[in-house]
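Biologist: I would like to learn how to read a model like this one. Could we go through it feature by feature?

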Amino acid sequence: MTRQHYQGSCQCGSIAYEVDADLDQTFTCNCSRCQRLGFVLTFVPKADFRLTSDGPVTEYLFNRKQIHHRFCPTCGVESYAFGTGPDGAEMVAVNVNCLAGVNPRALASQAVDGASY
């Protein structure tokens with residue numbers, strides 16, 4: 001797979017976005033949040049992500065408070081989060097479960113041991 005254009009949203013559509021992403025680069029994580037929510041994630045530079053509908057939104061910060069988890073207070077779905085990567089560049093973590101036309105369970109995602117951080 002190569003970088004493609006996708007549309008994503010929370011369940012009710014209050015939060016919606018477009019993103020250019022390579023879904024050969026997806027991750028699952030066993031941290032206290034990702035494991036509970038069953039996330040399949042891909043990370044993209046902020047320039048490759050564009051909100052088309054932003055609200056209402058609620059934000060959750062935990063652990064080191066470096067990742068801004070954004071979720072819809074109406075349907076409860078976290079469709080993306082943002083923060084900075086190890087190199088200081090602004091990044092967006094996209095919840096692949098929220099992308100239209102994508103079966104995230106069919107992807108060969110890399111497991112990340114977030115519980116150890």
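**Reading the model**

Modeller: Cys-34 has a relative accessible area of 7%, so this cysteine is buried. Keep in mind that the model is predicted.

Biologist: Which cysteine sulfur is closest to that of Cys-34, and how far away is it?

Modeller: The general idea comes before the case. A disulfide is a covalent bond between the sulfur atoms of two cysteines. Here the closest cysteine sulfur to that of Cys-34 belongs to Cys-31, at 3.6 Å, which is too far for a bond. The cut-off is 2.5 Å.

Biologist: How many helices and strands does the protein have?

Modeller: There are 1 helix and 10 strands. In sequence order the pattern is β-β-β-α-β-β-β-β-β-β-β.

Biologist: What share of the residues counts as buried?

Modeller: Of the 117 residues, 36% are buried. The protein exposes about 6700 Å², and carbon and sulfur atoms supply 50% of that area. As for contacts, take those between residues at least 6 apart in sequence: 54% of them join residues at least 24 apart.

Biologist: How far apart are the mean positions of the positive and negative charges?

Modeller: The protein has 9 positive and 11 negative charges, and their mean positions are 8 Å apart.

Biologist: Is Arg-70 buried or exposed?

Modeller: Arg-70 counts as buried because its relative accessibility is 14%, and the cut-off for buried is under 20%. This arginine lies in strand S7, residues 68–71. Leaving aside neighbours within four places in sequence, its contacts include Asp-54, Glu-59 and Glu-78, and also Val-57, Val-77, Tyr-80 and Phe-82.

Biologist: How should I read backbone angles?

Modeller: Most residues other than glycine have a negative phi, and most peptide bonds are trans. In this model, Lys-65 has a positive phi of about 60° although it is not a glycine. Lys-65 sits in the loop between S6 and S7, and counts as exposed because its relative accessibility is 52%.

Biologist: Where is the peptide bond with omega near -5°?

Modeller: It runs from Gly-55 to Pro-56 and is cis. Pro-56 is in the loop between strand S5 (49–54) and strand S6 (58–60).

Biologist: Is Val-96 buried or exposed?

Modeller: Val-96 has 0% relative accessibility, so this valine counts as buried. Its place is in the loop between strand S9 (90–95) and strand S10 (110–112).

Biologist: Which residues is Val-96 in contact with, leaving aside its neighbours within four places in sequence?

Modeller: Among them are Leu-23, Thr-26, Val-40, Leu-41 and Thr-42, as well as Val-102, Pro-104 and Leu-107. His-68 is 28 residues from Val-96 in sequence, and their C-alpha atoms are 17 Å apart in space.

Note on methods:
Residues are numbered from 1 along each chain as its sequence is written. This is a predicted model: local features need pLDDT of at least 70, side-chain atom pairs count only at pLDDT 80 or more; totals for chains, interfaces and linings use all residues. Side-chain values use heavy atoms; hydrogens and water are left out. Helices (H or I, at least four residues) and strands (E, at least two) are DSSP runs, numbered from the N terminus. Buried means under 20% relative accessible area, exposed over 50%, partly exposed in between (1.4 Å probe, protein chains only). Contact means heavy atoms within 4.5 Å. Accessible areas come from the Shrake-Rupley method with a 1.4 Å probe; for residues, only the protein chains shown count as cover. Lys and Arg count as positive and Asp and Glu as negative; His and the chain ends are not counted. The place of a charge is taken as NZ of Lys, CZ of Arg, CG of Asp or CD of Glu.
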